[in-house]
Amino acid sequence: MNQTVHPATAKAGVAAPPPPTYLQALSPLTADEIRVVAGVIKADPELGPDALFENIDLREPTPAEYRAHVEGKTLPRQARVNVNHLDRPGVWQLIVSLADKAIVSRKHFPTARAGFMVEQMLSVEVNVKNDPRFIEACRKRGIDDMTGVIVDSWSGGNFGHKDEEGRLISHTFSWLRVHEFGNYYAHPIEGLNAVIDVKTGEVLRVDDYPDHPPIPMTRYDYDPEFLPAPAAPLKTLNVVQPEGVSFTMDGHAISWDKWTLAIGFTPREGLVLHDIRYDGRSVVRRAAITELVVPYGSPLYGHARQNIFDVGEYGFGKLTNSLKLGCDCLGTIHYLDAEVNGIKGEAVTIEKAVCIHEEDAGILWKHWDFRTGRTVLKRGRKLVISSICTVGNYEYAQYWYLDLAGEIEFEMKATGIVNTNACHPGQPDKYSTEIQPGLGAPIHQHIFCARLDMAVDGSGNSVVETNSFMEPTSDTNPYGNAFHAEDTVLKTELGAARRADLSTHRGWKVVNPNKLNHVGKPVGYKLHAPNCVTPMIQEDGASGVRSNFIRNHIWVTPFDENERYPAGEFVANSDGSGGLAEIVKQDRPVENTDIVLWHSFGLHHVVRPEDFPVQPCISCGFSLAPVGFFDMNPSNNLPDTVNNASVLAADGSKGCCC
């Protein structure tokens, strides 16, 4: 047993809840607050009215500020802002006091580039389609009418091109729309890529690859307007709660069963959960998906540059959908609107951005005592907090679940339309699947990173790695069946950069060595990580350097409010210097302190023909499950329930009840 022994200062148990003002202090910025912040910055002589706003979001309290608040200190209401200018290099990072309406902190990063704004992405298409070189390349492919040409703005990465240095670069890919509502991803214009400075609108060059495949022209539509009448619909399936929901809302604070938390939202990450507690005991201080990188595997026709950071370069929050009642979520729904900023600092409201509801979760646990004939069964239920965003061709639907047994689960569902390329019919390149004759889809990965600011039963947490080992046949193991698990505390950042290992069923748990449970062990929560992905891009390649956080499946760092994102604060056209692989070189202690657990997970996608024209949802995720946090199963004494709406399918009569 390699676990370091710590003196216990307290027993595990019910903790005092935080002050009621704390959850309210975590509420996202309102539209009025966004406008106040923008006004303060535009009035500043150094920044001025021409400032372009990448992100305006809440500067959240640090663990130290929270502890001071518990002692009675007021929390400041502040905004964290990134701004840049068309005519000046770099990015300004600012802290603005809402109470004082003043900039209280500013720092300039002269070589940084801000992320891409929606307004800029739309201008890329216009500027590229007006470029004579691009028009001529389309003409050579038989396209005389440019109105049907679709130009998608992809982030350009950092590939060492001298003419791109110091610019905010987009490297574009194009398709042909043959009908107003047609599926243009069925018609890729292969081998035609424009490189454009997003800020100035200047098209630096047009890469027109020779010997490119022709544009596939067979239509594969998904819009009902072009499809035959569907078969007879299935009978109605309703989700009803005649007595209403079991959760209560107070602004952005929510209470359900024994869980409490606050729901946040930022332009970059989108959905954020704050101060997750069970029965007053803290589990996670902050949870969010802080990055997604999608590396594509094809080196042909410019596809090597397809390595997009959907969170850091575009922003899940700004691209979040407005959800529709009875469509995106079923049942009795509570929605939260989200306020984000536009490029000029204006407030933009996304109505119904976050969905909150309950779902039946099947059997939670059951046992039949065959000796007595007595059965005890408890049904599970989940609180679901979700949002969906669209980044170009893909939709990402994120779901946070809380259950009745003290578990926190995250699921990401990926849907939308796969990125496509052209090929000669029957002759796809080895990096793509031919999903329709002449139409390919490259192999790729979706690798997410969750940032989990852990606070298991309070401050002072450590990460413990568990590995299981077979014991050799010996005098003490004569039948060769012995195997056991060993725990090791991860003490420093470099030592805590770890990869999954199926040969030892490696796992990780976050423990509080200062709080012991009823058997004298530190209370904890285990990370269940079933979707660890092996990266398939070279670490020293242009894309691998920038996405260095994907090299390990967990990282552990001490809390630092300025280390917010696994690929760095400024991701667009970056060199990877701000990523986790560089951050952990400080090799700071991560034992018995305020820690951040970073988990990389995702999808390895060899595309199927059935993924087109629209991909059915594929899922990945992780969960946090209590391990010694409770004295026993916390759902042991749930009240008995019988669903009286359930009837026999044959005649509609009620059957036997449990």
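Where does UniProt place the feature "active site"? I found that the unreviewed entry in UniProt places this feature at Asp310 and Tyr394. The two are spread over 85 residues of sequence yet cluster in space, with a largest C-alpha distance of 10.1 Å. I note that UniProt positions follow the numbering used here, that feature names are shortened, and that annotations may be inferred rather than shown by experiment.

Basis of the entries. I worked from a predicted model, in which local features need pLDDT of at least 70, side-chain atom pairs count only at pLDDT 80 or more, and totals for chains, interfaces and linings use all residues. Residues are numbered from 1 along each chain as its sequence is written, and side-chain values use heavy atoms, with hydrogens and water left out.

Entry 1, Asp310. I located Asp310 in helix α6 (residues 310-314); helices are DSSP runs of H or I with at least four residues, strands are runs of E with at least two, and both are numbered from the N terminus. Asp310 is buried, with a relative accessible area of 3%; buried means under 20%, exposed over 50%, and partly exposed in between (1.4 Å probe, protein chains only). Leaving aside neighbours within four places in sequence, I listed the contacts of Asp310, among them Glu291, Phe316 and Tyr396 (contact means heavy atoms within 4.5 Å).

I found Tyr394 in strand β19 (residues 394-403). Tyr394 counts as buried because its relative accessibility is 3%. Beyond its neighbours within four places in sequence, Tyr394 is in contact with residues including His444, His446, His605 and Gln615.

Which residues of α5 (residues 132-140) are buried? I recorded Phe134, Ala137 and Cys138. They cover an arc of only 100° around the axis, so they lie on the same side of α5; the arc is that of the directions from the helix axis to the C-beta atoms. Pro132 and Lys140, on the other side, are exposed. The buried residues of α5 pack against α4 (118-129), β6 (149-155), β7 (169-176), β8 (192-197) and β9 (203-208). Just after α5, Gly142 takes a positive phi of about 90°.

I looked up which strands contribute to the lining of the largest pocket: β17 (347-369), β18 (374-391) and β19 each supply at least two residues.
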